[in-house]
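Hi everyone, thanks for coming. Let me put the structure up on the screen, and then we can walk through it together.

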Amino acid sequence: MISISGLGSSTALKLIDATRDKQLELMRNSAANKRAEEAFRDRIGDITTPEELVADFEVYSYVMRAFDLEDQIFGKGLIRKMLESNPTEPSSLLNRLTDSRFREMHLTLGFTTEEGPQTPNLTDPDFLSDVTTRFYNRQYINENDAQNETVGTVLEFRDKVGDISNWFEVLASEKLTNFFQVALSLPTQMSALDLDRQKSLLQEKFDIEKLADPAEREKLISKYVAISDAVNPQGFQANSIALDLLQSYNLGGQFVPITIDVAAITFSASRLYR
């Protein structure tokens with residue numbers, strides 16, 4: 001991964017966007033990821049139930065990481081019961097979990113439907129491609145998020161925005177909630193309100209149907225980045241260095257084999273005006 005430590009978020013996004021394909025290629029070619037993907041592809045087809053999935057820790061871990069549930073890996077009992085839940089039963093465990101990541105995993109694996117337990121075809125090439133693509137995309141987002149949370153939140157927004165159809169889907173994700181609170185200049189304290197009230201506040205500020213317009217998405221991203229970096233500066237010298245690099249190379253479809261690691265600059269707000 002290219003280091004974006006110390007870069008302003010806008011510059012960091014330009015840099016990682018210019019090298020995204022190469023970064024994903026490097027991830028796919030890493031020895032550890034190759035072994036994990038091979039194990040997943042070789043053994044997932046032999047799994048027919050949630051119980052069998054959680055019993056194969058290597059395959060189970062790969063799937064969990066693909067759905068950004070690495071922090072829940074050791075909750076095997078919860079995951080098994082969630083995957084066995086009826087998705088249309090209001091009182092089922094799946095429908096009592098507010099985190100949208102669980103539903104994504106449940107629907108993709110398809111161990112249980114409204115018709116009851118199923119034996120899904122987990123050798124289907126489309127399924128295998130979907131999960132492995134999710135795995136590398138999630139790794140890409142998380143590794144950049146670890147370096148710059150503002151960038152990570154923008155990447156999360158880009159990844160999920162195409163599936164957003166209502167405000168409750170936004171409120172089910174901590175990062176998406178943060179993105180819209182900042183971009184729409186809403187106070188973080190609103191998260192303490194009940195969901196219906198939060199939905200109303202978001203609705204008053206923005207027409208969710210506008211998310212279908214790429215220009216509107218970019219406006220939201222620009223506002224989010226500008227406000228986030230104003231509140232949490234990432235460093236100004238780094239901006240200048242990275243801009244010089246971006247302007248010096250024709251990044252087009254080419255990869256620039258550089259690593260930038262500039263220490264973050266810290267300062268008091270009062271020094272900005274001296």
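Predicted model: local features only at pLDDT ≥ 70, side-chain atom pairs only at ≥ 80, totals over all residues.

Residues are numbered from 1 along each chain as its sequence is written, and side-chain values use heavy atoms, with hydrogens and water left out.

First, the overall picture. The chain contains 15 helices and two strands; these are DSSP runs numbered from the N terminus, with helices being H or I runs of at least four residues and strands being E runs of at least two. The chain has 274 residues, and 43% of them count as buried. I will also talk about contacts, meaning heavy atoms within 4.5 Å. Among contacts in the chain with a separation of 6 or more, 61% come from residues 24 or more positions apart.

Helix H10 covers residues 149-160, which is 12 residues, and spans 16 Å from its first C-alpha to its last, close to the 16 Å expected. That expectation is 1.5 Å times one less than the number of residues. Is H10 mostly covered or mostly open? Mostly covered: nine of its 12 residues are buried. Among them are Val154, Glu156, Phe157 and Lys160. What do the buried residues of H10 pack against? Their partners are helices H1, H8, H9, H12 and H14. At the start of H10, a side-chain oxygen of asparagine 148 comes to within 3.0 Å of the backbone nitrogen of threonine 150.

Next, charges. Side chains of opposite charge can pair when their charged atoms come close. Here, a salt bridge is a side-chain nitrogen of Lys or Arg within 4 Å of a carboxyl oxygen of Asp or Glu. How many salt bridges does a search of the whole structure find? The search finds 20.

Glutamate 37 bridges to arginine 41, with the closest N and O atoms 2.9 Å apart. The two sit four residues apart in helix H3, so about one helical turn separates them. Glutamate 37 counts as buried because its relative accessibility is 14%, whereas arginine 41, at 38%, counts as partly exposed. Glutamate 58 pairs with arginine 43, and here the closest N and O atoms are 3.0 Å apart. This pair links distant parts of the chain, with glutamate 58 in helix H5 and arginine 43 in helix H3, 15 residues apart. Glutamate 58 is partly exposed at 41% relative accessibility, and arginine 43 is partly exposed at 30%.

Let's move to the nonpolar side. A nonpolar core is a set of buried Ala, Val, Leu, Ile, Met, Phe, Trp, Tyr and Cys residues joined through side-chain atoms within 4.5 Å. The largest one has 67 residues, and Leu53, Met105 and Phe180 touch the most other members. Helix H9 gives the most to this core, with seven residues. Leaving out residues up to four places away in sequence, leucine 53 touches several residues, including Ile44, Val63, Met105 and Phe111.

Over in helix H14 we find isoleucine 221, which is buried at 5% relative accessibility. Beyond its neighbours within four places in sequence, isoleucine 221 is in contact with Val154, Phe157, Arg158 and Phe179.

Finally, the rings. Rings of Phe, Tyr and Trp (its six-membered ring) pair if their centres lie within 6.5 Å; planes under 30 degrees apart are stacked, over 60 edge-to-face, and the rest tilted. The structure holds 11 aromatic pairs. One of them, phenylalanine 179 with tyrosine 224, is tilted, at 4.9 Å centre to centre and 35 degrees between the planes. Phenylalanine 179 lies in helix H12 and tyrosine 224 in helix H14, so the pair ties together parts 45 residues apart in sequence. Both phenylalanine 179 and tyrosine 224 are buried.

Terms used
Buried < 20%, exposed > 50% of the residue type's maximum accessible area, 1.4 Å probe, protein only. Polar contact = N/O pair within 3.5 Å; in protein donor to acceptor, adjacent residues only side chain to side chain.
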